[in-house]
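Thanks for coming, everyone. I'd like to walk you through one structure today, so let me put it up on the screen.

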Amino acid sequence: CVGAVSVHDGGWNWIAGTSTDKVGNYRFVAPEGEYSLTASGCDNSSDLVRAFQDGSPMWTEPAPTLRLTAGSNVARDFQLHIGGRVEGSVLSTDGTPAVGVCVSVMDADSMRKDQWRSVGWSRVEADGSWRTEAVLPGEYLVHYSNCDQHGNWYEGGLWVPEFHDGLLQPLLNNVDDIDTVQVGVGANPPLKADLLRAARVKGRITNEGVPAGGAGMQAAVAPN
C-alpha cells in the first residue's frame, strides 16, 4: 500500500493512497500540498517494512517531504525491505485481558539518547492480543502504556506502564537495565506480559504551613 500522509508532532494523517497491482505499480490522485509518501504491506500480516519515499524509516525526524502541484505527475519508486512481525498478549495479574493498553516497539539506540522513537505500534485487542507492522531485524525495547480507544497515549489509566521484562517505568534509572527483544525476519516468538493495576496517591506537602515546592515523594516496600 502506498499513500501520501501529512506528518505532524502527534503522528500523521492519511491524505490519499492506493495499493499496488500484481507487478508492483501504483497510481493515485492527491490534492495539492506538501506531503510525505509512505509504502508498506497492506496489513499486519505482511513482512514488508514501512518506509518513506527516500527509503528512510518511519521514525525519521524530520520526515522527508515533497510538494505535489496541480497538473504534475510525480514518479517515486520504493525499495522495501523484509522485516519481522512483533506480537504477543497482555494480561492483568488475574489472567484477564488488559484493555486500554498500547504496545510500542522502541529503537534501543534512540532510547539511550532519550528520544523514545517507536518503530512499531499496536493497540491491544479485547482478547489481550496485539501485533505490530513488520520492523527491521534488530534489537528493540518493548513498552506497554495506557491509551484510549483511538490509540492516543495518556497519563491516566488502569495500568502501571512497564517494559517487556517487567521493569516498571517509574523505576527506570538506566535504559541498559531493560532487557532487549531480538527480532528476526518473519514471525517471531510471541511475547507475554502481565501488567499491574495502577493505584494513585496525591496530596500536599508544606513546611510550617508554607508550600514545599520541589519536594520528592516515593513509595517503598516495607520489610516483613
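Predicted model: local features only at pLDDT ≥ 70, side-chain atom pairs only at ≥ 80, totals over all residues.

E6, residues 87–92, runs antiparallel to E9, and three bridges join them. One example to click on is Ser89, whose bridge partner in E9 is Ser129. These two strands belong to an open sheet of three, in the order E9-E6-E13, with mixed pairing. Which strands are at the edges? E9 and E13, the latter being residues 191–195, and each of them pairs on one side only. On average, neighbouring strands here are turned by 25° against each other, if you ignore direction.

There's also a charged pair across E6 and E9. Arg131 makes a salt bridge with Glu87, with the closest N and O atoms 3.1 Å apart. Arg131 sits in E9 and Glu87 in E6, so this contact ties together parts that are 44 residues apart in sequence. Is Glu87 buried or exposed? Its relative accessible area is 19%, and the cut-off for buried is under 20%, so Glu87 counts as buried. Arg131, at 29%, is partly exposed.

Thr132 has a relative accessible area of 0%, so it is buried. Leaving out residues up to four places away in sequence, Thr132 touches Asn44, Val86, Val105, Gly120, Trp121 and Ser122.

Six of its seven residues are buried, so think of E3 as mostly covered. E3 has several partners. It runs antiparallel to E1, with four bridges joining the two, and Val2 stands opposite Ala39 there. It's antiparallel to E5, residues 66–68, through three bridges, where Tyr35 faces Leu66. And E3 pairs with E4 in the antiparallel sense over two bridges, with Ala39 opposite Ala51.

Because Glu34 is in E3 and Arg67 in E5, the pair ties together parts 33 residues apart in sequence. Glu34 is partly exposed at 44%, and Arg67 counts as exposed at 52%.

While we're on charges, how many salt bridges turn up in the whole structure? Six. Another of them joins the side chains of Asp47 and Arg85, at 2.3 Å from N to O. Asp47 is in the loop between E3 and E4, and Arg85 in the loop between E5 and E6, so here the parts tied together are 38 residues apart. Asp47 is partly exposed at 25%, while Arg85 is buried at 13%.

On to the disulfides, of which there are two. Cys1 and Cys42 form one, with their sulfur atoms 1.9 Å apart. The torsion about that S-S bond is about 115°, so the disulfide is right-handed. Cys1 is in the segment before E1, Cys42 in the loop between E3 and E4, and they are 41 residues apart. Cys1 is partly exposed, with a relative accessible area of 27%.

The other disulfide joins Cys102 to Cys147, S to S 2.1 Å. This link is right-handed too, with 80° about the S-S bond. Cys102 lies in E7 and Cys147 in the loop between E10 and E11, so the pair ties together parts 45 residues apart in sequence. Both Cys102 and Cys147 are buried. Number the bonded cysteines in sequence order and the pairing reads 1-2, 3-4.

Last topic, the nonpolar packing. As a rule, nonpolar side chains in soluble globular proteins tend to be buried together. In this model the largest nonpolar core has 19 residues, and those with the most contacts inside it are Val90, Val101, Trp130 and Tyr144. E7, E10, E12 and E13 each supply at least two residues of this core. Take Val90: beyond its neighbours within four places in sequence, its contacts include Val101, Trp130, Tyr144, Ala193 and Leu195. There's a second, separate core of seven residues, among them Met106, Ala108, Leu141 and Phe163.

Terms used
Residues numbered from 1 in each chain as written. Heavy atoms only, no water. Disulfide = S-S within 2.5 Å. Buried < 20%, exposed > 50% of the residue type's maximum accessible area, 1.4 Å probe, protein only. Contact = heavy atoms within 4.5 Å. Pairing = 2+ DSSP bridges. Axes fitted to C-alpha atoms, helices over the stretch in contact; angles between N-to-C directions. Core = buried A, V, L, I, M, F, W, Y, C linked by side-chain atoms within 4.5 Å. Salt bridge = Lys/Arg side-chain N within 4 Å of Asp/Glu carboxyl O.
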